[in-house]
Amino acid sequence: MANMAVQRIKREFKEVMRSEEIVQCSIKIELVNDSWTELRGEIAGPPDTPYEGGKFVLEIKVPETYPFNPPKVRFITRIWHPNISSVTGAICLDILKDNWAAAMTLRTVLLSLQALLAAAEPDDPQDAVVAYQFKDKHELFVLTARHWTNAYAGGPHTFPDCDSKIQRLKDMGVDEHDARAVLSKENWNLEKATECLFS
Amino acid sequence: MDSDIEMELESDNDGEFDDDYDYYNTGEDCDVERLDPKRADPEYFEFDCLTVEDIEKLLNELVEKLNTILQITPSLAKVLLLEHQWNNNVVVEKYRQDANALLVTARIKPPTTAAADAASTSAAAAASAQLLRIGSSGYRTAAATLPTLSSHSSGNSLTTQVQSQYRRMCPVCASSQPNDKFYSLACGHSFCKDCWTTYFETQIFQGISIQIGCMAQQCNVRVPEDLVLTLVTRPVMRDKYQQFAFKDYVKSHPELRFCPGPNCQIIVQSAENSAKRAICKSCHTGFCFKCGMDYHAPTDCQIIKKWLTKCADDSETANYISAHTKDCPKCHICIEKNGGCNHMQCFNCKHDFCWMCLGDWKTHGSEYYECSRYKDNPNIANESVHVQAREALKKYLHYYERWENHSKSLKLEQQTIDRLRQRINTKVMNGSGTWIDWQYLFSAAALLAKCRYTLQYTYPYAYYMEPGSRKNLFEYQQAQLEAEIENLSWKIERAETKELGDLENQMDIAEKRRTTLLKDFFPIIGKA
């Protein structure tokens with residue numbers, strides 16, 4: 001790996017470790033391997049959002065040409081958000097694509113992602129299904145996002161209604177994650193979800 | 001009339017030995033030549049085919065002109081011209097009005113600086129000083145970008161040399177470097193030389209040239225050409241940068257367009273930026289000057305794009321349609337269409353029919369040619385969604401079939417000409433006329449191709465037209481043209497030398513129909 005990239009990552013790693021945010025436990029970063037090409041980030045769900053109380057883990061891959069090209073980042077923790085794929089965790093964010101600037105750092109990336117959780121852009125969606133729900137049935141969206149935060153990111157709220165519906169599908173032999181994804185997509189309509197799964 | 005006679009007399013007197021004075025071809029008498037070609041021919045288009053060198057010269061002249069007026073570097077002039085469609089007058093005028101705003105919109109300067117406020121009263125004077133400074137002293141190194149960024153002390157290389165003993169951290173590579181290795185743009189974000197260079201190379205590698213921006217976050221100040229070329233030293237990268245930049249310059253110039261022909265280096269120039277046909281003198285590709293696609297009169301650029309996308313999307317249906325054969329409506333023998341004409345004669349039963357509608361040709365020939373018109377189902381609003389969808393598909397297929405049919409005929413043009421040549425050879429061998437007697441057939445074939453081409457592009461136009469009297473008129477004219485073309489095609493294929501007059505008459509009629517249609521419906525001509 002290019003010398004400049006390693007040097008930059010090392011410095012940025014330190015920057016994150018020394019930052020105020022880490023003291024407040026809102027962002028975190030750790031190494032995955034010794035070559036500094038892959039890191040693991042973690043952001044806390046921002047307050048007053050459906051993601052509050054959750055911890056979201058990110059995969060960060062540093063390209064050879066870093067910092068002249070952006071790092072490749074995706075969510076490992078599953079999340080229900082218009083700009084993040086509910087299946088792959090791929091992120092749609094300008095600074096990770098065309099608007100990347102060489103002077104940006106891992107800290108700015110993590111903080112930007114946190115900001116994205118607080119302010120979704122449903123008109124520029126990564127996940128069309130989620131974006132549709134966000135715009136059309138916002139209350140259901142908030143419920144679903146909270147439920148996912150609870151199920152995958154250790155969020156504090158429990159949703160017995162959702163859980164029982166998932167359990168019904170599990171009893172039919174459906175995988176828990178598939179059941180949750182389909183129910184979320186079908187606005188928690190059990191009949192439609194069943195139809196979708198078994199037709 | 002009196003004056004005409006006088007003039008003729010005068011000219012007779014002037015030319016002393018001018019015995020064979022041509023009474024029939026004096027300029028005064030000839031109405032046709034006096035007609036403005038722009039009016040006579042709806043497709044008239046003036047253009048030049050230039051080489052890369054010609055264009056470089058042309059652009060450089062514009063840059064130099066601006067340099068002398070505003071006293072700025074070529075690099076800066078290029079950016080300003082690029083942002084203003086290479087219109088010198090607009091740049092100069094904007095500069096005189098508010099030079100600061102001009103520099104901000106051209107992304108030479110960041111949106112708000114202290115200098116902008118201070119200079120607002122005497123904008124022109126202050127900004128001219130800035131222009132000079134940005135232009136002449138190159139890119140200020142770190143020493144000059146310290147707090148007094150917008151002061152009037154110009155940052156020259158002397159100051160940086162003095163301060164070079166100091167070291168500082170480059171925010172990109174995170175290494176400590178001597179001060180004189182730092183460069184910054186008007187925004188004041190400074191980075192070390194190596195980082196700029198690597199950054200430029202990665203950007204150039206991705207095909208970005210004049211749009212390269214500052215490396216700082218949220219800063220979109222543009223990196224002008226001279227800094228890139230100062231720092232990037234690898235010849236390959238420099239060449240690439242200059243090639244990409246040249247492409248961007250040409251694309252931003254409203255009077256220039258790259259010839260879309262494969263591997264063609266020609267650039268076409270025309271003062272009139274309209275959807276007319278330009279023909280490359282080098283590779284002979286014909287294309288629409290405005291959008292660079294195949295020439296498409298009377299349809300306009302947006303509609304033809306929509307149509308072509310639609311055709312590409314519906315490739316399955318298109319496949320189905322492009323089954324090349326049809327059955328003879330009378331004896332049901334399978335027939336493959338191998339030439340241009342829609343008037344088919346079954347080789348088996350000698351039945352004459354129309355290839356498009358499979359109707360009897362007799363009803364087509366003279367009266368009213370209905371085959372090109374699509375008949376809407378009048379009760380469509382009351383039908384179910386399913387029927388509506390089927391009706392929409394039917395409508396599309398109607399236009400598509402006709403479009404595709406003419407396109408195929410055009411592709412077979414070379415074959416038609418070859419066959420024509422063969423036929424002429426046989427005729428000449430049999431003593432029926434000389435080779436020269438038959439030449440008119442080739443010009444007839446060329447005209448036929450031209451008419452067919454226009455006719456092909458009338459179908460997307462009709463498809464997107466709102467139903468109404470204008471559409472009726474259009475389809476009427478389209479049908480007329482279609483009928484005349486078929487007549488012409490039929491006559492060419494069966495021409496004898498003695499029928500020259502008849503054929504020429506037919507050619508004239510077909511071309512008149514074509515120009516009338518274009519005059520009435522080709523949007524550019526309508527506006528002009």
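Start where the two chains meet: the contact takes eleven residues from chain B and 13 residues from chain A (two residues are in contact if their C-beta atoms, placed from the backbone, lie within 7 Å). On the side of chain B that touches chain A, you'll find seven nonpolar residues, four polar ones and no charged ones. Here Ala, Val, Leu, Ile, Met, Phe, Trp, Tyr, Cys and Pro count as nonpolar, Asp, Glu, Lys and Arg as charged, and the others, Gly among them, as polar.

Before moving on, know that this is a predicted model: local features need pLDDT of at least 70, side-chain atom pairs count only at pLDDT 80 or more, and totals for chains, interfaces and linings use all residues. Residues are numbered from 1 along each chain as its sequence is written, while chains are lettered from A and ligands numbered from 1 in the order in which they are written.

Now select chain B, residues 235-252. That's helix H13 (helices, H or I, of at least four residues and strands, E, of at least two are DSSP runs, numbered from the N terminus). Its 18 residues should span 26 Å at 1.5 Å a residue, and the end C-alpha atoms are 26 Å apart, which agrees; the expected span is 1.5 Å times one less than the number of residues.

Which residues of H13(B) are buried? Pick Tyr241(B), Ala245(B) and Tyr249(B). They cover an arc of only 70° around the axis, so they sit on the same side of H13(B); the arc is that of the directions from the helix axis to the C-beta atoms. A residue is buried if 20 or more other C-beta atoms, placed from the backbone, lie within 10 Å of its own, exposed if 12 or fewer, and partly exposed in between. The buried residues of H13(B) pack against helices H4, H5, H11 and H12 of chain B.

Next, click Cys92(A), in the loop between strand E4 and helix H3 of chain A. An unreviewed UniProt entry annotates Cys92(A) as "active site"; such annotations may be inferred rather than shown by experiment. Cys92(A) counts as partly exposed because it has 18 C-beta neighbours inside 10 Å.

Last stop: Pro67(A), in the loop between strands E3 and E4 of chain A. The peptide bond from Tyr66(A) to Pro67(A) is cis, with omega near 5°. Most peptide bonds are trans.
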